[in-house]
Amino acid sequence: MMCIVSRHLLALRKLMSQPIQPEILAWGLRNLKSYQLASVSSPSLIVECGGQVVQSCVIKNAKKNPNFNTSILFIEVCLPKEELYSPPITVKVIDNRQFGRRPIVGQCTIRSLTDFYCDPYMEKRDSATLQTDERTPSLRDDVLIDIDDRLPLISGQFAGCMTSSTLNKFPSMSSLHEDEFVDWWSKFYASTGDTNKCGTYLDKGFDTLQVYNVELEKVEAFEGLTDFCRTFTLHRGKAENDDEDPSVVGEFKGSFKIYALPDDPSVANPPRQFHELPASGLQECLVRVYVVRAFGLQPKDSNGKCDPYVKVSLGKKSTSDQDNYIPCTLDPEFGRMYELTGMLPIEKDLKVTLYDYDLLSKDEKIGETVIDLENRFLSRFGGCCGLPQTYSISGPNRWRDQLRPSQRLHIYAQRHGYKLPVCREDKISFRGEDFLLSDFEDGKLLGTHLGPPEERLALYVLHKQGLVPEHVETRALFSPLQPDIQQGKIQLWVDIFPKSLGPPGPPFNITPRKAKSFFLRCIIWNTNDVILDDLSITGEKMSDIYVKGWLLGYEGNKQKTDVHYRSMGGEGNFNWRFVFPFEYLPTEQVCAIAKKEHFWSLDKTETKVTPQLTIQIWDNDKFSFDDYLGSVQMDLNRMPKPAKSAEKCGLTILEGDKYVSLFEQKSVKGWWPCVAETQGEKILAGKVEMTLEIVSEEEKEERPAGQGRDEPNMNPKLEDPKRPDTSFLWFTSPFKTLKYIVWRRFRWVILGLLMFLLLVLFIVIFLYSFPEYAAMKLVKPFN
């Protein structure tokens with residue numbers, strides 16, 4: 001009976017299981033921690049699955065080369081047909097020590113094998129025979145490119161590598177004939193859709209780049225950059241929880257391909273899945289890290305801000321940018337490029353860390369992100385250097401890779417077992433398709449810096465292969481103190497250049513834009529129809545008018561004209577010049593203002609505001625506060641078109657659709673209305689005639705002009721205003737007050753009073769003298 005049951009169970013097992021061959025890629029071991037106070041120097045692998053065991057070769061010296069010499073392992077095992085019930089794969093790392101000791105220094109268990117099942121016949125490749133025509137250059141199997149030093153890939157290419165002290169002092173890559181406002185940030189803002197900050201970049205037909213809101217590894221199209229091998233963490237002992245294991249002792253670099261074997265032994269086994277493997281030796285690489293900006297950082301200072309700076313580490317090498325910390329901000333723009341040299345795969349982990357600068361205490365870590373350079377280097381998606389949209393030999397989108405597009409296309413074909421591309425006059429045949437240059441460029445606005453047509457077409461073919469484009473990725477920052485809480489995000493990208501392929505192209509200059517010094521010259525000529533707010537000593541309506549002005553963000557530099565006293569009709573004459581210096585970013589069309597938030601602050605905080613001019617009309621009072629009459633605010637990039645005369649100036653100017661840019665026209669003259677509010681309604685408070693002019697720092701030296709009517713009073717020269725004789729302050733000039741105010745208005749009353757006083761005086765004298773005179777006449781004492 002027991003034999004019958006056993007036979008039935010065995011038959012049932014055969015029906016529910018199938019022969020499986022897990023194909024194992026054992027690429028190498030990384031970051032192995034010491035075991036029992038001794039470093040792990042000669043590790044090997046033991047892979048167990050379904051009761052079957054296979055062991056790898058021994059790495060002779062893990063510090064010099066942590067990769068396995070023999071990378072492919074096979075196991076034949078019977079596994080359930082239902083993938084859900086497949087047993088796990090256990091990978092154990094053994095250190096082969098002296099005297100036969102072989103302790104297990106770490107292990108990992110892959111419980112779910114679903115991701116590793118594959119159809120071995122699905123990916124049918126082209127014939128392995130490399131067919132080329134006479135125009136196709138051949139490349140050696142070890143993928144070494146012979147670059148002629150006499151003919152650099154790019155004119156003006158550097159002959160050697162830069163030192164860290166000169167990284168961020170590179171000249172702009174823009175051509176000398178390009179618009180000075182076109183820079184890398186124009187490209188970045190054009191790619192993010194912020195067209196207000198990119199100037200005329202898109203109008204010139206220049207390239208844009210891809211801005212990913214996640215890490216490059218999380219972009220779905222690139223399969224996590226783990227298409228060649230994955231990273232499995234090695235543990236020692238039992239984990240305390242499922243979130244984070246403190247006993248991580250290293251990493252296993254490898255992958256698995258699991259497929260079923262045919263039931264019939266006479267049928268040939270499926271083709272191998274791991275083939276055309278890259279060389280497992282060390283590769284010295286030049287790594288360029290472009291840190292663009294960060295945002296949403298966690299505050300570290302008492303003022304709710306932080307003073308961040310960047311530190312980049314690769315292996316034991318690191319560079320700190322502490323001297324260039326950005327004060328008082330949670331959204332810094334770094335615009336820095338760091339260049340390091342590393343040996344892959346030993347120094348594979350690139351760490352970008354943000355610190356908060358503190359003057360008196362130790363700098364505090366804000367957060368960090370770690371990038372696995374090896375995965376990018378080995379991935380078939382080409383994560384080393386993103387592909388630009390076009391092949392340019394000059395200008396702001398200059399080719400920066402080591403190899404030309406045609407060379408990269410040949411290497412891509414070799415590494416993937418494809419036939420080499422066949423190049424003809426304007427056509428490339430690759431993977432059974434014909435690519436024409438006209439298919440990619442017809443109907444598109446092309447730049448003026450494009451390279452040869454065959455290279456441009458090769459670049460378009462590379463894009464069709466789904467390779468990583470030129471990009472900026474957004475990476476989350478985490479702190480070891482709070483590993484589960486995001487500390488902000490950082491935008492950057494990384495270029496990896498193997499030194500065996502020669503020197504790379506020149507780097508991009510991503511230095512943040514520096515504001516340029518400009519001066520706004522505002523000449524107040526006249527005012528008209530100003531509200532009469534006061535009563536004169538004679539009871540007439542009047543205003544003592546003066547004009548005040550300033551730029552938004554520069555309230556500490558408010559300027560005002562002299563006073564036009566006793567304006568009876570709302571008119572005022574000034575001929576007064578305001579001079580407002582300001583720092584301006586032409587491409588972004590904003591003013592950059594750097595000032596201290598508090599008097600005890602150590603550093604200035606930079607803010608960006610629109611260039612807005614405020615002009616106000618005031619009534620001057622000597623014994624009380626001045627009275628505000630009205631104002632006008634104008635964005636200098638989009639200001640209302642002024643009226644040519646005072647009669648045509650009204651509130652409709654501010655409500656119309658006609659605008660001018662002072663930065664384009666350089667100088668504008670006319671009348672603008674000033675507005676006041678009364679009971680919630682806007683009323684016309686006056687009109688101001690002005691000349692507005694923008695001058696650069698160089699033009700200021702060539703055409704000097706003083707403030708007010710001070711020297712140098714030129715460009716143009718301002719004469720003293722022709723004001724009426726009644727325009728003066730009455731209590732400081734009493735004689736003028738009598739002459740021009742009292743006498744002119746009340747002279748007949750004064751004359752009448754004088755005649756009346758003389759008459760009264762005559763009558764009084766007469767009445768006083770008449771009795772004595774009459775008595776003398778009557779008595780005649782002398783006779």
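Is Cys 306 buried or exposed in this predicted model? At 0% relative accessibility, Cys 306 is buried, where buried denotes under 20% relative accessible area, exposed over 50% and partly exposed in between, with a 1.4 Å probe and protein chains only. Residues are numbered from 1 along each chain as its sequence is written. Because the model is predicted, local features need pLDDT of at least 70 and side-chain atom pairs count only at pLDDT 80 or more, whereas totals for chains, interfaces and linings use all residues, and side-chain values use heavy atoms, with hydrogens and water left out.

**View 1. The surroundings of the Cys 306 sulfur.** The closest cysteine sulfur to that of Cys 306 belongs to Cys 328 and lies 9.2 Å away, which is too far for a bond. The structure holds 0 disulfides, a disulfide being a pair of cysteine sulfur atoms within 2.5 Å.

View 2. Helix 2 spans residues 184-192 and is largely enclosed by the rest of the structure, because 7 of its 9 residues are buried; helices (H or I, at least four residues) and strands (E, at least two) are DSSP runs, numbered from the N terminus. The buried residues of helix 2 are Trp 184, Trp 185, Ser 186, Lys 187, Phe 188, Tyr 189 and Ala 190. These buried residues pack against several strands, among them strand 11 (283-295), strand 14 (333-344) and strand 21 (482-498), with contact taken as heavy atoms within 4.5 Å. After helix 2 comes Gly 193, whose phi is positive, near 90°.

View 3. Strand 17 and strand 18 (residues 427-430) are joined in the antiparallel sense over 2 bridges, two strands being counted as paired if DSSP finds at least two bridges between them. Cys 423 has Ile 428, in strand 18, as its bridge partner.

View 4. The secondary structure comes to 10 helices and 35 strands, and 47% of the 783 residues count as buried.
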